[in-house]
Amino acid sequence: MACNHGHSKPGTSSVPAYPKLNYSGGAKWIKHLTKDRLATFEGGHFSNVNLSSVMYHHRIDDSHHVKLQAWTAPNRTKPSFAEAMKQEFVPVGKGATFGPSCTNVWFKVTINLPAEWQKYERVQFEFDPDCEAMIFTTAGEPLQGITGGWGGDRRVEFILPPEARKKGTFDFVIESSCNGMFGISGIGPPDNNRYFSLRSADLVVPNLDAWALFWDFTTLRELVDTLPGNTPLQNLALTTANAIMNVFQNDDPSTIPAARQLAWKVFGEAWDGKAEKIYEEGVERPLVWGIGHCHIDTAWLWPYRVTQQKVARSWSTQVDLMERYPEHRFTCSQAQQYKWLEQLYPPLFERVKAKVLEGKFHPVGGSWVENDANMPSGEALVRQFVFGQRYFESRFGFRCDTAWLPDSFGLTGALPQLIRQAGMKYFFTQKLSWNNINVFPHSTFNWVGIDGTQVLCHMTPVDTYTAQATVGDVNKGITNHKNLESNDTALLVFGNGDGGGGPLAKMLENLRRIRATTNAHRELPPVSMGSSVEDFFDDITKTTEAGKTLPNWHGELYLEFHRGTYTSHGSIKKGNRKSEILLRDVELVGTLASLYKLHRKDYEYPKETIDTAWEKVLLNQFHDVLPGSAIGMVYDDAEELYSEVRKDLNLALEDAFKVLFPESTTLDAAVSLKPALAPALVGFNTTFFPRREVVKVPLVGGAANLKNKLVQVSKDGASGYALMEGADGASLVRPTGMFADCAPVSVYTNGTDHFVLRNASVQLTLNKGRITSLYDVQLARELIPEGHSGGLVIFEDRPNNWDAWDVEIHHLEKGKHLEFGNVGIVAEGPLRATVETEVKYGQSTIKVSISLDAVPATLKHHSRPLFVFDATVDWHQRHEFLKFELPLNIHNDNATYETQFGFVQRPTHKNTTMDMAKFEVCGHKYADLSEYGYGVAILSESKYGYSCQGNVLNISLLRAATSPDEEQDQGTHQFSWAVMPHIGHFLESDVPQAAYLFNAPIHSRYVQDERVESALATMRPPFGVSGAHNVFLETVKRGDDDDKHTTTVILRLYEAFGGHARAKLHIAKHFGVKQAYLTNLLEEHITEFNLTKADAMAETTFPLEFHGFEVKTVKLVLESSLRDAAAERPRQGKHDSWVDVTYEAKSFD
């Protein structure tokens, strides 16, 4: 029997009564229509009645309240604030146009606020010039950046300071630059006549409640769009957003807070009152770590001078955001950009510095710029870190812990070692997410370099360094993470970038709402703010047992994209290589001159000149400059920098040589002198390899009487060839006669189309315009397969996208052999034999001389001579790719290419898609294909693109893209390459030494009086390495911290063949070495060496042990006696010696 006395069951009093009858239609929805409805709540067709209609309380722009005056800087100049303020300004108004492209326009602004506006919490000046701008105080202090237009990076509001609202009037200055965030025309060639219009110059009062509702609604929509369909949180976000639309009425202000309160269902009750404290709730350990970032390409679609403005605009904006959002942390790399800010915007630099010291603005990267990581030399990569780390420490008192190259087009396997030696252990990148063939398999991993050194690497699964801080970005940090089994955190690097800008307020607002959501729900990974990049990596280190549970990636991080950048803009590649070599030479010769002071006691090591040159070279190594992917305006600047480097370093080199070789000059300068009665020819070998080399000598002017020093003279008598011999490195070389072991060369022709360059060692045959034979005479071995030929080949070059950047694999399907024509003999031996050729193709003319010398590439036993190809190309092709190819009777699954401080081997086959992807690769001074017993290498003095498909070895010579520089590579080019046959496999060969020598010509000097003898001729080399032919002495320089009380010399050595070595370092006895230390790249002591001397008069030696590809830096601390003795020694007779000092306690070797 039922019993019901009207009493409820315990605990059910809050349950509403369930009606017995139901006459409604029900609450079933059509989800996709509701989702589509959300798009109508802001903007669009209904903007006059939806949320957009109430975003501002007031907007005025009349001349009484907003007074504008403008001055346009002439001829695209960039005047300083002080210079601009001296000019005559004229009245302007909204709608005015300014230009052309890259013009700077200055505005003086006076605003008068209506008295009734004082009641509002915020008043803004909205300035939209449709381009970029910077707001200054009237005293010239930058306040914030402006980004005009209607893109996602739009920031046109300037919040007036409280004192301005109270006073009712405010004066300030705006500099507007006629370029957009991405230059002028995007990645296409820039329109140099583009004009920009002043769209807005309004005083506005924002409806802060409406803006907050807008951000609420934005986050809800992102939740709906990002989360999987039909999950609780996704449906809750959708129903909440729909309810907000139902509550909102644009004519009833009270519906805005009511609508906002509905969002509490998703974000949590009263979440909006917690502001930055929202990050203190919820999970203790977040999965996604947010860090603000502003990637500013140091040059790309805009020149360097525009970047200087971008830095100030972007960073001042971030300092402003830090004041309003206490959780905001901002990281930025590139010491060069900090230095520009320091030089050009000192007040802003001090504000940035204050935020750095507060721990809110985080320098990162430890490098001078975010450099290309394929083509700079090993020493250049060293200097990127040295100059960067020293700058950061000198300005902020600390160095960076994390290397940072998110946008470089591939990463050499030499980097991990250099990163660690520069004082860093972490590395961030992400560019490999752009691979167009294979997906890179890791997100967080140990990157192990070619020498075995590792760095902890994070390749953000968000796949960008310019995330917009959306729900999708946060979610992708985990859903796209490839190593969740070993690490479950991701770095969210957010903020507008490439052209600068950085995070916006809307991003920080969105992240607060995302965190609030994850505090109440578990369907989205929690995001945190307020930490640094180092905090993120420290957490990984702790949770992975210092990387033990992470996967490893060994060797280079090859980008399967942008392979054309190894060749684009050949003149820039050449400028880079030549500048690196010249810097090395100046440092060596300047070091010796500063220590010997042979003829000038007042000579000082030109450190300032060298450092300035390095900064220019390092700047041009930025990852959109050296790769050839910038607009033409950038290359005008880059060429000018290389010209300055060449001029300044040649003067410095000449100054140092005057100390070592007084009364001498270069051969080029000698041409303008009067003929001397008894001139001499000498040279200096700036490498540490013995060498024997043929040098071309002009026989006009002052050098006319050098004929008796030469082995061979041209038919017209205008020039000749000397054989220069130097048995030691870093020492004097002199002309000599033909040695018994020289192999005189000759050239044979049938008079028409058959030419043979030959000596007793090797032979090359040119038949009907192609190289049909490459023959080792001593071994009777033919190196070109029967029926094949080598020579120039041209390919159609039409990439799918990214013109200057990319070359696609299908270009190999459409190639055409070019034939050398108009062949003529210009030198017949015995020292050098040369034929000249000419190729006419399209609108271009390609002239190539092919030479064979009577001496081998190196002094290694059984070394073969080089066949040298010197090209002068008048290039006018479009979208065609010129290469030199050499099919070889050699089989190997891998070819060998030089990389920084070592080599890398890459497949010659297409077994896998990863193998296929490497159809065009980067190499430095050589590429080699070898098998047991024999090999052939191609050497280069300025090219970086190579390939080896099967048995065909190629070097890439010229491209002809038309975007973003429509004139890329058009005009005249001069470059050289060489073909080097060699006995033995690459690892048994002298290819690395030969390539080194090929890139470092002897510095030949003309001396007017041969009676003058050089003390260097009787001296042993200052430094040397014995016991290990695989150890190269790369760099000799003075210490970075030397002063008048301290004399140090820095030596950088590396193992070049990938194996262990026990070498002995020799320091000549005339250097008084007090101590010697092994240091890091920053010249900080690691260990002290035990020095060995047989007696007080002997040289100093100590052992150095290397593992494969290891780089070592040695610091020698010298006594002052060498310099003091020079000061005390009385002068000798004028022509007794080039050295006017002798030493009693320490005599020269």
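**Notes on the predicted model**

1. Asn75 is exposed, with a relative accessible area of 73%; exposed means over 50%, buried under 20%, and partly exposed in between, with a 1.4 Å probe and protein chains only. Asn75 sits in the loop between strand S2 (66-72) and helix H2 (81-85). Helices (H or I, at least four residues) and strands (E, at least two) are DSSP runs, numbered from the N terminus. The phi of Asn75 is near 55°, a positive value in a residue other than glycine.

2. Some ground rules. This is a predicted model, in which local features need pLDDT of at least 70 and side-chain atom pairs count only at pLDDT 80 or more, while totals for chains, interfaces and linings use all residues. Residues are numbered from 1 along each chain as its sequence is written, and side-chain values use heavy atoms, with hydrogens and water left out.

3. Asn230 also has a positive phi, near 70°, and is a residue other than glycine. Its place is the loop between helix H4 (208-226) and helix H5 (232-247). With a relative accessible area of 63%, Asn230 is exposed. Most residues other than glycine have a negative phi, and most peptide bonds are trans.

4. One runs from Gly829 to Pro830, with omega near 10°; Pro830 is in the loop between strand S36 (821-828) and strand S37 (832-841). Another joins Ser963 and Pro964, with omega about 10°, and Pro964 is in the loop between strand S47 (952-958) and strand S48 (971-983).

5. On the overall fold, the chain has 22 helices and 57 strands. For 1149 residues, a compact globule would have a radius of gyration near 32 Å, and the 35 Å of the chain agrees with this. That radius is taken over C-alpha atoms, and the globule rule is 2.2 Å times the number of residues to the power 0.38. Along the principal axes, the C-alpha atoms fill a box of roughly 125 × 70 × 60 Å. Of the 1149 residues, 62% count as buried.

6. How many disulfides does a search of the whole structure find? The count is 0, a disulfide being a pair of cysteine sulfur atoms within 2.5 Å. Cys178 is in no disulfide, and the nearest cysteine sulfur, that of Cys131, is 5.0 Å away. Cys178 counts as buried because its relative accessibility is 1%. Cys294 is likewise in no disulfide; for this residue the nearest cysteine sulfur belongs to Cys332, 5.4 Å away. Cys294 is buried too, at a relative accessible area of 1%.

7. Asp797 lies in the loop between strand S34 (791-796) and strand S35 (815-817). Is this residue buried or exposed? At 1% relative accessibility, Asp797 counts as buried. Not counting residues up to four places away in sequence, Asp797 touches Asp806, Val807, His879, Glu880, Phe881 and Arg959, where contact means heavy atoms within 4.5 Å.

8. Leu432 is in the loop between strand S17 (426-429) and strand S18 (444-448). Leu432 counts as buried, since its relative accessibility is 2%. Leaving aside neighbours within four places in sequence, Leu432 is in contact with Phe440, Met459, Leu557, Tyr558 and Leu559. The C-alpha atoms of Leu432 and Glu358 are separated by 34 Å, and these residues are 74 residues apart along the chain.
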